[in-house]
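This report looks at helix packing, ligand surroundings and backbone geometry in one protein model. The sequence and the structure are shown first, and the sections after them take up each topic in turn.

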Amino acid sequence: MASPPNDTNDRRYRRHRDQLVDTLRSRGIRDERVLTAVRRVPRHLFVDPALRDRAYEDEALPIGLNQTISQPFTVAYQTSLLEVEPDDRILEVGTGSGYQAAVLCELGARVFSIERHEDLLGRSRSLLDELGYDVRTRHGDGSKGWPAFAPYDGIVVTAGAPEIPGPLLRQLREPPRAKASGGRLVIPIGGSGGQTMTRITRTGTGPHDYAREEFHSFRFVPLVSEEDDAD
Ligand code: SAH
């Protein structure tokens, strides 16, 4: 692995990270593996250098092109709902800064990530490489999924979707045997005013074999599909 960019291991940032983990715990994140992953990823390198000192506040921050790196609480919340096991194949829709992808790598997942903004993807790609995070990325519309590497044990959408994209449902792993559950899709569903975090679990092989659970409200940047006219 290439030597990490300067100040990856800066003690000050490590202390801030520990404090961030305490904050996440006090806000209700219970999954210790997720908290450990957050403690390891140098979030300050995923934000604009001018915002580095704010990287460990529990806030979303701008990453350019009207997009944001998700709030750490949101990343930890979505990652907990995914219930990632080592070697799971996880597809992320919305690479953005690459931070969520790095957290998934720390959990031992095999990570695939799609981003529609080519220049954002270029930046996050080189940072992930530099830090030694092995993420397969693709430029395009993630609402279509990435069939070549399906099925996935988990799919996480990090932008707000008005409705569930059908291709993502079809790319979830079928349950390995009766009564077991299959792949999980974690996706914020709703319009620009706010979305409900939703988890869809594949429960069988048929077109209706999916269970739906709803969780808290969030506010994400919108999922923009190829058919949409926006920018
Ligand atoms: N997971 C990111 C959060 C980025 S915000 C992180 O950890 O930083 C959501 C991202 O989704 C934005 O970068 C946006 O450009 C991207 N996006 C929106 N619609 C998309 C689509 N249909 N396909 C792929 N990426 C999309």
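## Packing of H1 against H2

In this predicted model, the contact between two helices is made by Arg17, Asp18, Leu20, Val21, Leu24 and Arg25 on the side of H1, which meet Glu32, Leu35, Val38, Arg39 and Arg40 on the side of H2. By residue class, this contact comprises five nonpolar and six charged residues, with no polar ones.

Helix H1 spans residues 11–26 and helix H2 spans residues 32–40, and their axes come within 9 Å while crossing at roughly 150 degrees. Because angles over 145 degrees count as roughly antiparallel, H1 and H2 are roughly antiparallel to each other. The handedness of the crossing between H1 and H2 is right-handed.

## Packing of H3 against H4

Sorted by class, the contact of H3 with H4 holds five nonpolar and three polar residues, and no charged ones.

## Surroundings of the ligand

The ligand is surrounded by 24 residues, of which the closest are Glu92, Ser97, Glu115, Gly142 and Val224.

An N or O atom in the side chain of glutamate 92 is 2.8 Å from a nitrogen atom of the ligand, and a polar backbone atom of glycine 94 is 2.9 Å from a nitrogen atom of the ligand. An oxygen atom of the ligand, in turn, has a polar side-chain atom of serine 97 at 2.6 Å.

## Backbone geometry in two loops

Most residues other than glycine have a negative phi, and most peptide bonds are trans. Leucine 65, a residue other than glycine, has a positive phi, near 55 degrees, and is placed in the loop between strand E1 (61–64) and strand E2 (67–69).

The peptide bond that joins alanine 150 and proline 151 is cis, with omega about 5 degrees. Proline 151 has its place in the loop between strand E5 (135–139) and strand E6 (154–157).

Technical notes
Residues are numbered from 1 along each chain as its sequence is written. This is a predicted model: local features need pLDDT of at least 70, side-chain atom pairs count only at pLDDT 80 or more; totals for chains, interfaces and linings use all residues. Side-chain values use heavy atoms; hydrogens and water are left out. Axes are lines fitted to C-alpha atoms, for helices over the stretch in contact, and angles run from 0 to 180 degrees between N-to-C directions. Helices (H or I, at least four residues) and strands (E, at least two) are DSSP runs, numbered from the N terminus. Angles under 35 degrees count as roughly parallel, over 145 as roughly antiparallel, 65 to 115 as roughly perpendicular and the rest as oblique. A crossing is left-handed if the near helix is turned anticlockwise from the far one by less than a right angle, and right-handed if clockwise. Contact means heavy atoms within 4.5 Å. Ala, Val, Leu, Ile, Met, Phe, Trp, Tyr, Cys and Pro count as nonpolar, Asp, Glu, Lys and Arg as charged, and the others, Gly among them, as polar. A residue is near a molecule or strand if one of its heavy atoms lies within 4 Å of it. A polar contact is a pair of N or O atoms within 3.5 Å; within protein, one must be able to donate a hydrogen and the other to accept it, and residues adjacent in sequence count only if both atoms are side-chain atoms.
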